Amino acid sequence: MRSLQRGVLAGVSALALAGCATTGVASAPPPSSSASSTAVPIEPAQPSWAARDAEMDAFLDDLIGRMTLEEKVGQLTLLTSDWESTGPTMREGYQQDIAAGRVGSIFNAYTADYTRELQRMAVEGTRLKIPLLFGYDVIHGHRTIFPISLGEAASWDMDAVEKSARVSAAEASAEGIHWTFSPMVDVSRDARWGRVSEGAGEDVYLGSKVAKARVHGYQGDDLRAVDTVLATAKHFAAYGAAQAGRDYHTVDISERTLRDVYLPPFKAAVDEGVATFMTSFNEYDGVPASGSKFLLTDVLRDEWGFDGFVVTDYTSINEMVPHGYAKDLEQAGEQALNAGVDMDMQGAVFMENMVKSVEEGRVSQANIDRAVRRVLEMKYRLGLFEDPYRYADEARQEATLYKPEFLEAARDVARKSMVLLKNDGNVLPLAANAERIAVIGPLGDSKTDMIGSWSAAGDRETRPVTVLEGMKAHAGNGVTVQYAKGASYEFGDEGKTDGFAEAVALAKSSDVVVAVMGEKWDMTGEAASRTSLDLPGNQQALLEQLVATGKPVVLVMMSGRPNSITWANDNVPAILHAWYPGTQGGHAVADVLFGDYNPSGKLPITFPINVGQAPIHYDMKNTGRPIELGEPGAKYVSRYLNTPNDPLYRFGYGLSYTTFGYSPATLSASSMGPTSSITATATITNTGTRAGEEVVQLYVRDLVGSVTRPVQELKGFEKIALQPGESRTVSFTLRPEDLAFTRADMSHGWEPGEYRLWIAPSSGAKASTPVTFTLTE
Ligand code: BGC
C-alpha cells in the first residue's frame, strides 16, 4: 500500500467535503493563488443543484446512519444489465445483487417497463428500499440519432449542440434513464485515435463551449425535472493524448499541457454544473487515472470544488493491476477509493473487496461515507426517494420517442454539421438540369452506417434515411437517382474490383456522380485506432475510375475522423464532409447537395495530408527553427523531406455556396491593463449571391512568454447569417484573464507583453496581417 494514497481525506468530514463548493477544503493552495497581480484564480463552481439542503442532509444522515457497510458498498457499485446482448432479462446474479442491495446503480437498461421492474426489485426487495440509478451511454441521441459528436462540433452552433442534448435527455429520461455517460470532453489531436469521433475535436476553446452546451442540454436548469438527465464529463483526464493514437495507450504529457490543453473543457463542464465525472483508462504521470489522487481530489475537488460523484470507466479499477500499479484487486480498490473514486463501474472490485479493506483499516469509514453520500445525494436530488418510478412512465415514453419535432431537429443539426471542403466550378449545389444522378459507394445506401458509433438505443436497421433515399425523396419530377455500391470499405478488400464495372457504367450514363465514401461506422469510436487515414477497402481505386469518366463527381465523405483525402482534393471537384449524420442524415445530405441548405460547418479538427503528420493541430508551437525562417526547401528547419508542414484542411476551415469578405480588424485601444479590456472588430460581408452563414473566428498569439506559447489560439467565434450583399460588424471583447495560461512557475495567469490578433474565417489566419496590442502590468 502506498502510504501517500491512504487516508488522504481522513479527518475531513463527509459533510464538509460535500459542501466544499464555496469554501474549499484544500489543504494546499491551488497553483492559481500566486502572489502575482496577474494571477487569475480558478473559481470553484457553484451549480444550483449543489445548494445545501437541510432536509436532504437530515434525511441522508439518518439513512447513512442506518446502513451496514455492505449496503454502503452496494451504493458504490454500478453494474451492466445484459440488455444489449440478450434483451431485457438480467442474468440471475444481477437480480440477486439488486435484491440483496449489493448494487446501487445499473447501466444498459432502459424502457419504462424494464427499469420499473428492476426498480421494484430494489425498493421492494431490499431492507432500506434505496432506489436504483439508471445510467446509459446516450451520446448523440437516444432513439432519434443526431450526427456524431465531432460532427455536431463542426456546426460551431451551440444552440444546435444544446438542442441535440436536450432531445436526447427527453427521449432517454422517458425510458427510465436518469444519467447519461456524456459529454465526452476529451481534447484529441490525433486522427489515428478512433475516439476523436466522440469529442469536440482538437481545440480547448471550442471544446469548452461545446462541453457547456451539452451539459446544459442534458441537465437543463433543474435536475428534478423528469425530462432531464445527469450528465457525465468524461474521460478524466488526458485520454485523448494516447501515444501514437492507440486506444488505451500510455499518456505522457507535462502538467502544463494537461492544464492548458486537456483540462479546460472539464473545468467548463464543472462550471456548467455537471453532476458526475468519469475517470479515464489511461495513466497520467505514471498513475492510472482511476487511482490518481492528483486528478480526482487535488484538481477536481480541491481546486475546482466539484460537488457531484465520480464513477470509473468500465473495469478501470481492475485494470490498475495490468497497468502495474496495484498488486491485486483489493489494493486497486483501496487506491481508487482513497484517490477519490466514488463508484466502481462493472469491475465489482468494491463489491468483492471493500468491506475487508475497511475492516482491516486500509480504507476509512469516513471515505466510504463521503462517497456514499455523494451518490445518495444525486438520487435525492433527482427525487427518487420521493418516487423511485417517476422516470419510468409508459405514457410519456409513448408520447416522446421519435417526435416529429425531434426528427426535424436531427435533420437540422445534421445539415449544420456538414463541412464543404471543396467546390470547384460550383459543382454544388447540383445543377437544376442534372436529370440523371448516380449515387455510388458503400455508404450511399447503408442504413447501418448512418448513425455512427455510440448510437445508444438508435435503430440501425429501419429508421435511418440513407443518402440514396434522401436524394430520391428530394429529387423533383424528371430527375432519376440510381445507385450502385461499386466498392467495399472493408479492410482486406483493397484488390477487389468486382463492383467497378457496374458503377462506372452508371456513372457514364449519368449527368453527375455523388460518390458516398469513407469509413464503416465502427472504424471510429472506442478501440478503433488506425495507422492509416486512407479510404479503407477499394474505394480509392473506384473513385479514380469514376473521376476518369469525365463526369462531374461530388465526394460525400462519411467518417468519424479526419481522413487523408489528398488525391480527392487534387482530383475531385467537390467534397462535402458529412460525418455520420444520424437518423435523418440522408435528408440532410440531400438538403445540402440540392442547395436547400447552404453549408456552414467548419472543421473542429485538422485534416492531415497523410498519417505521418499526426498528431497535428493548429495551435502548435513555433519551434526555434520554424519553416518560414528558411528559403523554400531549406534543410535545417523544422519540416519533413517529403510532405509540407501545412495540413490538407485547417482547423476552422469550411466553404459555403456564397463567399464572405473580411475587413481588416480594428482594436478599441492599442493596449489594455490588468482591469481593462480590449474590443476587436471586423466587418464581414456576404460577397456572393446566396444567403449564407459564416463562423467568424478570433485568434490571438502571445508573442513572448515565461514559457513558449502557441502560434495562435482560438479565443472567440460567432456564427452569423448574411443575405447577399449584407454586411455585419462582429466584435469580440478580450480581458487579460482570457489570455491566462500555466506560467513558468505553474501559476495560472496572464503575462504583460505584445499580442497579435486576427479575425478570420479559419486558422489559416496566421499567414495574414494581424493587428497587435500590448498588455500592460
Ligand atoms: C467507455 C465509456 C463508456 C463506458 C460504458 C467504456 O468502455 O470508455 O466511454 O461510457 O464504456 O459503456
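Let's start with Thr77. Leaving out residues up to four places away in sequence, Thr77 touches Arg102, Val103, Gly104, Ser105, Met343, Asp344, Phe350 and Met351. Touching, or contact, means heavy atoms within 4.5 Å.

A word on the source. This is a predicted model, where local features need pLDDT of at least 70, side-chain atom pairs count only at pLDDT 80 or more, and totals for chains, interfaces and linings use all residues. Residues are numbered from 1 along each chain as its sequence is written, and side-chain values use heavy atoms, with hydrogens and water left out.

Back to Thr77. Its place is strand β1, residues 77-80. Strands (E, at least two residues) and helices (H or I, at least four) are DSSP runs, numbered from the N terminus. Is Thr77 buried or exposed? Thr77 counts as buried because its relative accessibility is 0%. The cut-offs: buried is under 20% relative accessible area, exposed is over 50%, partly exposed is in between, with a 1.4 Å probe and protein chains only.

Next, cis peptide bonds. One joins Ser182 and Pro183, with omega about 10 degrees. Pro183 sits in the loop between β4 (179-180) and α10 (204-219). Another runs from Ala614 to Pro615, with omega near -5 degrees. Pro615 is in the loop between α24 (585-593) and β17 (660-662).

Thr315 has phi near 55 degrees. Thr315 is in the loop between β9 (309-311) and α14 (329-339). At 18% relative accessibility, Thr315 is buried. Ala527 has a positive phi too, about 55 degrees. Its loop lies between β14 (512-518) and α22 (539-548). Ala527 counts as exposed, because its relative accessibility is 52%.
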